[in-house]
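I opened the file to go through rings, confidence, a pocket and backbone angles. My notes follow in the order I looked things up.

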Amino acid sequence: MLVGSPAPSDEQEEVLNSGASNGAEGDDTSRRQIRHQYRELINSVQQNREDILSSRSNKLTEALQECNKLFTGVSQAREAALDAQFLVLATNLGKEKANQLHSDMTVFDPTAFAEDLLKFMGLNRLESGGKGGSGNDSEDEGLSGGFLPSDAWQKLGREAEKHFRRAPAFHYMLGTFKMDPPVVRQRVERQRKKNSTEELRAMPAQLKKMDESHQEATEKEVERILGLLQTYFQDDPDTPISFFDFVIDPESFPRTVENIFHVSFLIRDGLARIKLDQDKLPVIEPLKQDEEKEANQDYRERNQGVIALSPQDWRDIIETFEITEPMIPQVYVPSE
């Protein structure tokens, strides 16, 4: 359900709160300062990401402590949203730091393993490859030098046999030497389902007719809702119309969803607009012809959002705003 409503900025909030007392202005100043500090803290953490991920750095703990101090002054949703944004960022950094640690504090070292293996096989570093042993002893010399006995690999094999119930299967370390060309798979053509010419011609026409009828019904409903909105506004132009009172149908949740859907077309086409009243609640009002032209010119600046409305939210709104009758009555279509 799309409803176009511009997101209020800091300047717009200042205009809406212009009638507040001096104490409220002080609160707004404090809130702006807290939001500024939160943004600086988030930017600082993002810029010093590499230093924070270092195992010897405690900057993540310091940032969390500073966030806790800022949270003591949070009282509104905008500051709480920034606190949640920082919490997500700090959680991801903490997860990355945890992945860099080792739970058992032991890491497999290939060099140390090779050194222990050579000691087990009887490496003699005091002798060179030319003293005794087979003629291929020079090939068994390690990078650090030394001499392996002729039965070194047999000794390793006998020790390895104790840990295997059966001999491992033979395989080439670098793959097979036999290179066969790939087998060309024959392409099997599927038989196309034969459809009659009448069915192929009837289906597009039927779908087109359904699409046109649905579009026409939607346009008529949007025009009807616009007429109701203009009538309510002309009867009492000084009293703003609550958005919830206008779209909520206390007798039907599906009708409420349809009303919000149709009202979104009014907002999109610049025929109506939604703004916040002094209590920061959404109100809706139709636009005049000159205002419609300006709204169409500023179409790119309008934003669209998604509203999530559950049956429980629908019941809570009805109870809170004490809605007893729908402002958009249902049109009953006589059955043929």
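**Charge over a ring.** I count a charge as sitting over a ring if NZ of Lys or CZ of Arg is within 6 Å of the ring centre and within 35 degrees of the ring normal. Lys155 lies over the face of Phe120, 5.1 Å from the ring centre.

**Confidence.** I checked pLDDT next. The protein chain averages 75, and 68% of the residues score at least 70. Where is confidence lowest, and where is it highest? Strand β1 (residues 2-3) is lowest, at a mean of 34, and α12 is highest, at 91. Residues 1-9 have a pLDDT below 50, yet I find 31 contacts for this stretch beyond near neighbours in sequence. Residues 11-22 are also below 50, with nine such contacts in the model. Where pLDDT is low, the predicted coordinates should not be read in detail. I leave both stretches there.

**Aromatic pairs.** I searched the whole structure and got five aromatic pairs. One of them is Phe243 with Phe244: the ring centres are 5.9 Å apart and the planes stand at 65 degrees. Why is this pair edge-to-face? Planes over 60 degrees apart count as edge-to-face, so the 65 degrees of this pair qualifies.

I looked up accessibility for both rings' residues. Phe243 is at 5% relative accessibility, so it counts as buried, the cut-off being under 20%. Phe244 is at 21%, so it counts as partly exposed.

Phe244 has a further partner. With Phe321 it forms a tilted pair, 5.2 Å centre to centre and 45 degrees between the planes. What does this pair tie together? Phe244 lies in helix α9 (residues 243-247) and Phe321 in helix α12 (residues 311-321), so the pair joins parts that are 77 residues apart in sequence. Phe321 has a relative accessible area of 26%, so I note it as partly exposed.

**Second largest pocket.** Rolling a probe the size of a water molecule over the atoms shows where empty space is left. I took the second largest pocket, with a volume of about 300 Å³. Twelve residues line this pocket; the closest to its centre are Ala217, Thr218, Glu221, Arg255 and His262. Which elements give two or more residues to the lining? They are α8 (197-235) and α10 (253-268). I find the largest share of the lining in α8, which gives six residues.

**Positive phi.** Most residues other than glycine have a negative phi. I noted two residues with a positive value.

- Lys280 is not a glycine, yet its phi is positive, at about 60 degrees. I place Lys280 in the loop between β3 (272-276) and β4 (282-286). Its relative accessible area is 39%, so Lys280 is partly exposed.
- Glu322 has a positive phi near 55 degrees, again in a residue other than glycine. Glu322 lies in the segment after α12. Buried or exposed? With a relative accessible area of 66%, Glu322 is exposed, the cut-off being over 50%.

Technical notes: Residues are numbered from 1 along each chain as its sequence is written. This is a predicted model: local features need pLDDT of at least 70, side-chain atom pairs count only at pLDDT 80 or more; totals for chains, interfaces and linings use all residues. Side-chain values use heavy atoms; hydrogens and water are left out. Rings of Phe, Tyr and Trp (its six-membered ring) pair if their centres lie within 6.5 Å; planes under 30 degrees apart count as stacked, over 60 as edge-to-face and the rest as tilted. Buried means under 20% relative accessible area, exposed over 50%, partly exposed in between (1.4 Å probe, protein chains only). Helices (H or I, at least four residues) and strands (E, at least two) are DSSP runs, numbered from the N terminus. pLDDT is the predictor's confidence in each residue, from 0 to 100. Contact means heavy atoms within 4.5 Å. On a 1 Å grid over the protein atoms alone, a cavity is a set of points where a 1.4 Å probe fits but cannot get out, and a pocket is an open set with protein on both sides within 12 Å along at least five of seven lines; lining residues have an atom within 4 Å of a point. Grid points are joined across faces, edges and corners, and a volume is the space filled by probe spheres set on the points.
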